[in-house]
Amino acid sequence: MSDDGSTNDNKKTLRSQKPLRSQAWFGRQDKMGFYYRSFLKNSGQPQDRFDGRPVIGICNTWSELTPCNIHFRDLAEHVRRGVLDAGGYPLEFPVSSLGEVTMRPTAMLYRNLASMDVEEAIRAHPLDGVVLLMGCDKTTPALLMGAASADLPAIGVSGGPQLRGNYRGQIIGSGTNIISMSEQLRAGEITMAEFHEAEAGMNRSSGSCMTMGTASTMASMVEALGIGLPENAAIPAVDARRNLLARMAGRRIVDMVNEDLKPSDILTREAFENAIRALAAIGGSTNAVVHLLAIAGRVGVELNLADFDRLGRDIHCLVDLMPSGRFLMEDFYYAGGLPAVLRALGERGLLNKDAVTANGRTIWENVATAPNWNAEVITPFETPFKPEAGIAILTGNLAPDGAVIKPSAASPELMQHTGRAVVFESVEEMHHGVNDETLDIDASCIMVLKHCGPKGYPGMAEVGNMPLPAKLLREGVRDMIRISDARMSGTAYGTVVLHVAPEATAGGPLALVQNGDLITLDVPARSLHLHVSEEEMAARRAAWVAPEPHATRGYQRLYIDHVLQADRGADFDFLVGRSGSPVPRDNH
């Protein structure tokens with residue numbers, strides 16, 4: 001990373017000729033101007049804070065209930081110093097913090113709510129620009145969605161991944177090894193004491209999951225979209241260079257205000273195409289699909305599931321990271337991080353090189369000379385870690401509006417397979433069934449889980465990577481095809497078909513699948529087919545009764561009534577489209 005990540009080399013730019021939005025509050029020499037300035041002076045602010053310097057909001061998702069973001073108080077201080085360095089006036093404010101680790105039923109239920117919090121906080125206050133502090137899975141898309149809707153100059157700063165986990169001399173990765181070791185425990189291969197010992201060694205520092213899970217994937221998307229500075233994705237949370245990046249983002253946002261460089265200038269169609277290709281090249285989380293669709297919807301960029309398959313289908317997975325591979329985000333950073341991946345894409349004509357980024361340079365200017373220090377971690381394009389392993393979009397009579405699968409994390413022998421459906425009507429039924437020794441299932445079967453989509457399990461929980469039946473684990477089975485309208489953790493792995501749309505609760509074909517039906521998964525053909533005649537499907541549909549909604553009041557009712565399906569980003573229907581951030585109505 002350059003010292004400041006900007007084109008200015010630490011020289012202040014001339015102030016914008018466009019009037020600062022904050023002056024509608026602080027530039028007034030009347031009763032209300034007195035009111036606005038006076039109350040802020042109770043913290044010792046001098047008069048020249050209000051004389052026309054850019055007011056920069058530091059949007060902070062710190063919370064003790066969000067362990068991934070626990071270091072954000074310190075990170076915000078480095079941003080503050082950067083804003084002051086550049087002559088701005090920093091004001092930190094809190095927004096909803098979504099902790100994937102602690103929230104029930106799922107943090108995804110509250111992503112849209114948090115995005116509204118961010119948008120309205122930016123819109124209502126005397127801000128000219130904003131620095132977005134985000135880390136845990138849903139805080140990144142929530143802040144990007146809210147800032148995109150407000151459309152004031154904004155720059156993203158991710159909190160960074162944790163250090164490598166370590167257990168008995170071996171590296172272990174958050175999420176990925178939680179899943180594998182919990183299966184080992186159920187199979188009787190490790191003891192409870194060993195299980196607890198691994199817990200203590202997995203999360204050794206501040207930061208988000210150090211695998212290429214959703215948090216690291218979305219931090220990579222921030223960088224690939226150009227809404228963050230180069231190297232944003234991979235610097236470990238406890239590395240001093242993460243603090244440096246935060247400080248330089250604080251400096252850069254002041255210049256972005258002066259240049260009037262807004263999210264709508266950065267989050268273009270070309271930027272989303274770059275992000276989709278980067279997603280494939282890093283073996284990123286399937287959750288990025290639903291988040292990128294939602295972010296694009298907020299800036300009016302036409303993006304759909306077919307774009308993910310068309311743009312990512314022939315992209316090799318270059319990064320050998322868990323859950324698809326061996327290494328962790330710390331190794332990725334030392335190897336060269338996302339700039340090395342973007343350079344590899346650009347050298348093969350797979351990058352929109354002129355896309356503008358937050359530091360004022362094009363994305364190609366940022367990465368054209370990026371080094372790759374470790375070809376084991378970031379493999380050459382000619383000899384990739386996994387060829388043509390981007391997110392695959394499936395369609396067929398079981399998923400008319402699409403479904404997703406992550407080939408890099410799946411078993412090759414299951415990518416073309418026909419099997420008998422073993423159906424679970426709910427999460428509760430699934431959890432009981434997988435431990436039932438009498439369950440009629442074998443390794444060739446296909447597990448099907450219903451009613452876990454955006455409406456059916458409000459928030460579309462990460463339950464799609466269903467645990468395998470205990471009796472099959474004892475036989476040595478380690479993967480089976482699993483199909484649902486749910487999501488799965490970005491740290492998870494396996495041959496798992498997700499985001500089936502329309503979901504079962506909305507009356508999609510998934511709702512009509514019965515035990516014993518044959519299903520064919522054909523990933524090369526991008527097909528998901530239910531072998532049931534149209535006549536039989538019509539009879540089943542006539543007999544189908546929609547389930548009662550999970551909520552009759554409050555936010556959950558609002559969510560159920562207005563959430564869009566997964567293929568449209570699971571955003572609220574009333575939040576889609578560009579809006580911008582005019583000064584609110586006067587209050588005197």
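Which residue forms a salt bridge with Asp561? In this predicted model, where local features need pLDDT of at least 70 and side-chain atom pairs count only at pLDDT 80 or more, totals for chains, interfaces and linings use all residues. Residues are numbered from 1 along each chain as its sequence is written, and side-chain values use heavy atoms, with hydrogens and water left out.

The partner of Asp561 is Arg557, and the closest N and O atoms of the pair are 2.8 Å apart. A salt bridge here is a side-chain nitrogen of Lys or Arg within 4 Å of a carboxyl oxygen of Asp or Glu. Both residues belong to helix 20 (residues 554–562), and because they are four residues apart, about one helical turn separates them. Helices (H or I, at least four residues) and strands (E, at least two) are DSSP runs, numbered from the N terminus. Asp561 is partly exposed at 42% relative accessibility, and Arg557 is partly exposed at 32%. For these labels, buried means under 20% relative accessible area, exposed means over 50%, and partly exposed lies in between (1.4 Å probe, protein chains only).

A search of the whole structure finds 45 salt bridges. Another of them joins the side chains of Glu183 and Arg186, at 2.7 Å from N to O. These two residues sit in helix 6 (residues 176–186), three residues apart, which is about one turn of the helix. Glu183 counts as buried, with 13% relative accessibility, whereas Arg186 counts as partly exposed, with 28%.

A further salt bridge brings together the side chains of Arg420 and Asp442, at 4.0 Å from N to O. This pair links distant parts of the chain, 22 residues apart: Arg420 is in strand 9 (residues 416–424), and Asp442 is in the loop between helix 17 (427–433) and strand 10 (446–449). Arg420 is partly exposed, with a relative accessible area of 25%, and Asp442 is partly exposed too, at 34% relative accessibility.

The largest pocket holds about 1400 Å³ of space. On a 1 Å grid over the protein atoms alone, a pocket is an open set of points with protein on both sides within 12 Å along at least five of seven lines, and its lining residues have an atom within 4 Å of a point; a cavity, by contrast, is a set of points where a 1.4 Å probe fits but cannot get out. Grid points are joined across faces, edges and corners, and a volume is the space filled by probe spheres set on the points. The lining has 45 residues, and Ile178, Ile179, Glu462, Asn465 and Ser489 are the closest to the centre of the pocket. Helix 6 gives the largest share of this lining, seven residues. By type, the lining residues divide into 20 nonpolar, 17 polar and eight charged. Here Ala, Val, Leu, Ile, Met, Phe, Trp, Tyr, Cys and Pro count as nonpolar, Asp, Glu, Lys and Arg as charged, and the others, Gly among them, as polar.

Finally, the backbone deserves a look. Most residues other than glycine have a negative phi, and most peptide bonds are trans. The bond from Met322 to Pro323, however, is cis, with omega near 10°, and Pro323 is found in the loop between helix 13 (305–312) and helix 14 (329–335). The bond from Ala501 to Pro502 is also cis, with omega near -5°. Arg168 has a positive phi, near 50°, and counts as exposed at 54% relative accessibility.
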